[in-house]
Amino acid sequence: MKFFDLKLTSPRWVTDSSGRLHVWSMSSDTQLIMQMLSSGVNEDILAKLPGHWTIVDEREENPIIASDRIRSHPLAYAFVNGTWLVTDDFEATRTLKSLERNDQQARIFESTGFCIGPYTLAESICSTEAAHYVILKKDGEKESRLYTRYAFSPDSVTDAEEFSDLFKHALDSSIGRLLDVVGERQLVIPLSGGLDSRLLASYLRLKHVENVIAFTYGKDDSDEVNISHLVANELGIDWFVVPLDTSKVHKAVTGSDFEHFLRKTWKGTSLPHIQDWYPLSVIKENKLVEDDAVFLPGHTIVGNMHDENLCEKGHSYKEILAAITKHHANLQGCYHAIGRDPVWQAELQRAALEIGSRNNPRATQELIEWFNLRERQAKYINNSMSTYEFFGYSWALPMLDHEFWMLWLKGGSHLTLTREWYSRFTSHLYQEATGRDARLFHQAPIRLTPAIKRPLQAVAKATRADNFIAKYRSVRIMMNHPMAFEAYSSLSRLQQLHAYLCGKKQVGLWAKEFVEKGWCGHENLLPPADQ
């Protein structure tokens, strides 16, 4: 097709015998995916495909490009001089003439760390979205469609024990399929002090999976490092730590290797997930894991809800949209300007249309979770997987596979609105694997009697001391982050402190630096602004 210029760079692409169907997959059964697509691409088939994948189908008159639910491997596309350019390397778009910065998306990016909707930081260039496919037409028109709706089942599971059994079944199915694909290759768990990675490690231990290793990165004696070490010891899993020294990390990120990493992983839509780059560079250089290892981060369908109180009756649609904006667009300390942006407003409305009727009793939960999954999770969080690819490793996200989406949407609101059920489930699984109580690794809170606690809370609220204490704690962490985040900024410590006291977030400093002048002294990757 002369109107279709395809530039695919990843070695993971597989093309069928016709030369017109191309499938990218990661730690998935590519042949099964090919077989399911043999008769064509439609919404029903796309919704049922397992694993992590991206598709380019040239078999029909109008080519189709599609992303899985988590946007594993996004494609950039643009119609230029009568031809559709489609590529998985955003740097390839630099060959286009008159490439200009999308100033509106740049403003949104500074406050969120990602572009919204199908847009990128370059005018006239779009990017595939999570759970969408795009039909590209000869005349330059395009049609983007959602192939699966994020909607909770009206016949939800309300019994916690039954939901736990279904969750275990989903683990069996998703991880079982993964193990069939990767065989005896080493599985590497980035073990944090939280629930998600602990759940994966516990499950693999219970199933007696061999060749598993865990690692943690952080400053010496940080809580995360100490907790992760304890968890690995209790589970009997080999473990190592990548120690972080702020000065060494900062020196590394000002080098040419880091700039190359930024170019390969920004994808035109999101802030590169830089915090994984330095630890993985140490792991690669020192051969701490096997060359063909598969990394299993704990990213999960669980926990994408925020502002749970909005699910109670009496809250307006306007309040819900404002809460979503505040949650995602507050990196510069103020979200109101982004909330008034017409593109931001349009994308919020489109997300609302994608979940269906507002009269659905769980519409608020659906909208908040879906917007989070479609935007921040799919673009900023899941883009961290490209760091593993950059170093030549494979990855898998079994708790974001097809089974878990279907399972989660069956769960009753009291099981899914918060992480309480999930925390209990993980604790039980951990206890089953170790014989130990997971609560031993949580810092015990200070116990106060109600007679003392209530007056203290009232005084703190009346004097706004509660806000001061919260800000003090936040600033203190950001200035000396356990994962050395302060090393990823070219600002002095005094400048960082001033920014935090003004309400800016750590990632907000990174996003602003990335957009305005280039990160850590490197070349600005954004196209030039329109003069």
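## About the model

This is a predicted model, in which local features need pLDDT of at least 70 and side-chain atom pairs count only at pLDDT 80 or more, while totals for chains, interfaces and linings use all residues. Residues are numbered from 1 along each chain as its sequence is written, and side-chain values use heavy atoms, leaving out hydrogens and water.

## Salt bridges

A search of the whole structure turns up 26 salt bridges (a side-chain nitrogen of Lys or Arg within 4 Å of a carboxyl oxygen of Asp or Glu). In one of them R59 pairs with D57, with 2.8 Å between the closest N and O atoms. D57 is buried, at 3% relative accessibility.

K207 and D172 form another, at 3.6 Å between the closest N and O atoms. K207 sits in the loop between α5 (195–206) and β12 (212–218) and D172 in helix α4, so this pair ties together parts 35 residues apart in sequence (helices are DSSP runs of H or I with at least four residues, strands are runs of E with at least two, and both are numbered from the N terminus). D292 and R185 also meet in a salt bridge, at 4.0 Å from N to O. Here the linked parts are 107 residues apart: D292 is in the loop between α9 and β14, and R185 in the loop between α4 and β11 (187–190).

## Surface patches

Let's turn to the surface. D159, E161, E162 and D165 gather there in a patch of negative charge (patch residues have over 30% relative accessible area and no salt bridge, with like charges joined within 9 Å and nonpolar side chains within 5 Å). Of this group, E161 belongs to helix α4 (residues 160–182) and is exposed, at 60% relative accessible area.

A nonpolar patch is formed by L494, L497 and L501, which together have about 290 Å² of accessible area (by the Shrake-Rupley method with a 1.4 Å probe). L497 lies in helix α20 (residues 493–501).

A131, in the loop between β8 (126–127) and β9 (132–136), is buried at 1% relative accessibility. K287, in the loop between α9 (277–285) and β14 (294–295), is exposed at 62%.

Definitions and conventions. Lys and Arg count as positive and Asp and Glu as negative; His and the chain ends are not counted. The place of a charge is taken as NZ of Lys, CZ of Arg, CG of Asp or CD of Glu. Buried means under 20% relative accessible area, exposed over 50%, partly exposed in between (1.4 Å probe, protein chains only).
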